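Thanks for coming. I will go through one model today, starting with a helix and then turning to a strand and the domains.

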Amino acid sequence: MIDVQHVTKRYGNMTALDDISFSINKGEIVAFLGPNGAGKTTTMRILTGFMPPTMGTVRIADFDCLETPWEVKKRIGYLPETPPLYLELTVKEYLTFVGRIKRLHPEQLPERMDMIIAQTGLADVRGRVIGHLSRGYRQRVGLAQALLHNPPVLILDEPTTGLDPNQIIEIRDLIKNLAGSHTIILSTHMLAEATAICQRVIIIHRGRIVAVDTPEQLGAKLRESETLSLTVKESDPQLLDALHHIPGVIRVSPGSTPQTYVLETQMGRDIREELTKLVVSRNVGLLELKTQPLTLEDVFKVLTKTDNPSGPP
Amino acid sequence: MTPVQTIVAKELRSFFVSPVVYVIAAIFLAIVGLLAYWAVANASNQALRLMQIQNTYAQLNLNDMLFRPLFRSMNLILMIILPLLTMRLFAEERKLRTFELLLTSPIGVNEIVSGKFMSVLMVYAGLLSLTGLIPITLSAYATFDWRPIYLGYMALFLQGSLMLAIGLFASALTENQIIAAFLSFGFILGLWMLGALGTVVGDTTIGQILSYVSFTEHYERMIRGLLNLKDIFYYLSGIAFMWFAAHQAVDAYRWK
């Protein structure tokens, strides 16, 4: 459905995207994962035909983005980072306008609009001026705008930013329900979000694809080195040495205070039980033991260190 | 609805929910009304004086005494006011990122630019037609030749359209509305000064070119009641050129 080959984008001297290639099948949900400035938005803008790549080709539904931009645009629903809203219009007026410029058939428009308004939970605010709506509602209007003409391909740039936890779950459920009938690409800088809704994750860092994988396999790869953080009540100089001798521990480093230790352990070896026994036996007072959540930076550290740094398998 | 009509309808909606248009209309009409009042007062003074000197009933040419100076000052007011009307056209879309919506929709840049231009032309035409009350009211009290007035309004419309086209282009260059307004004001002022420069240089080739490029000469001729195809061609080609420039500026935005 989406086929990107050797796409490079330069802004002056800065290379925003460096030789990116990937393809996405019909009905898949794929996440672009990367920190801010990694090139997610640039990739999405190129996919939508908003901006042309410096080099490379992009094909969507077998139409080239540069040669037949109109065919591509008709098939894409796009939610940019900032929802493109006319603040002075009401929700209904705005969606009517969008339906018209998306070339939705005038007879279909009222029906589609009712459907989308119900789907995105906008029924209560349909007559209100967009400028008076809260951030969460605006995001939903943005999403409604992308879905309105029922495009087979949806490109959503950080669809859940600025929403409260309940709204995030709602939007994620909505996106999940669209899978199958739609091909969806969404970008996020939250690892949890990518693994929660997507079938495949494309990790992008400094304009390059670092990894393409399913969330499960990616998780396995990342678990190669798990980190634990341990806090005790009294610092014990011999504890550090003792920790080293627990089987499965790769490295122990001191934490932010003398009483904390950061342990790097082998993948798949849960040493928490042995660790607790050890600490209790030494009687230093176990205060806290927790697995450290992986941050995006850790992911990149791991992925750039291990195999396959250059692109998709 | 065609895409152009859709854009026009949306733009008109946006114009009339924002206070800017009402403020601009109020200021414009107040100033023009005041100028017209002064012109009428001045003309009647002159008529009185003539009657005292000649001791007969004096027939003044209102076209010369009243309408031509009025048209001339309206031109000046438009130079200041029309950039305020066009400044939001593209600058706001860029600022609010709605430009991304337009440019990723199956709708051409030419349709976007035309729609925006037509919407602002309609607002201006409405504004201008309201000033038509001045000659209509006067016709109840005096007799004058209507033909130079029709032509004067045609000149005003063409002149305003050119300024609006310049503003359309300026708005596509920046995402700051204030800068857009100043840019178009600067362009218009520059064009105006070229005319002055042309008069200074005199009747040489360069002088003639300068005078031709500026709108002053063309506008003056039309409000004097002279219909010349050359002048109409000047305005139409100027508008087309600025439309094209705006089109290019919008297109270039995507390549950045």
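Helix α8 of chain B covers residues 147–171, and at 1.5 Å a residue its 25 residues should span 36 Å; the end C-alpha atoms are 36 Å apart, so the two values agree. The expected span here is 1.5 Å times one less than the number of residues in the helix. Helices (H or I, at least four residues) and strands (E, at least two) are DSSP runs, numbered from the N terminus.

A word on the source: this is a predicted model, in which local features need pLDDT of at least 70, side-chain atom pairs count only at pLDDT 80 or more, and totals for chains, interfaces and linings use all residues. Residues are numbered from 1 along each chain as its sequence is written, while chains are lettered from A and ligands numbered from 1 in the order in which they are written.

Is α8(B) mostly covered or mostly open? Mostly covered: 20 of its 25 residues are buried. Buried means 20 or more other C-beta atoms within 10 Å of the residue's own, exposed means 12 or fewer, and partly exposed lies in between, with C-beta atoms placed from the backbone.Now to chain A, and strand β3, residues 29–33, where five of five residues are buried. On one side these are A:I29, A:A31 and A:L33, and on the other A:V30 and A:F32.

Last, the domains: chain A is divided into domain 1 (2–220) and domain 2 (224–301), with bounds from an automatic or database domain assignment. Their centres, taken over C-alpha atoms, are 41 Å apart.
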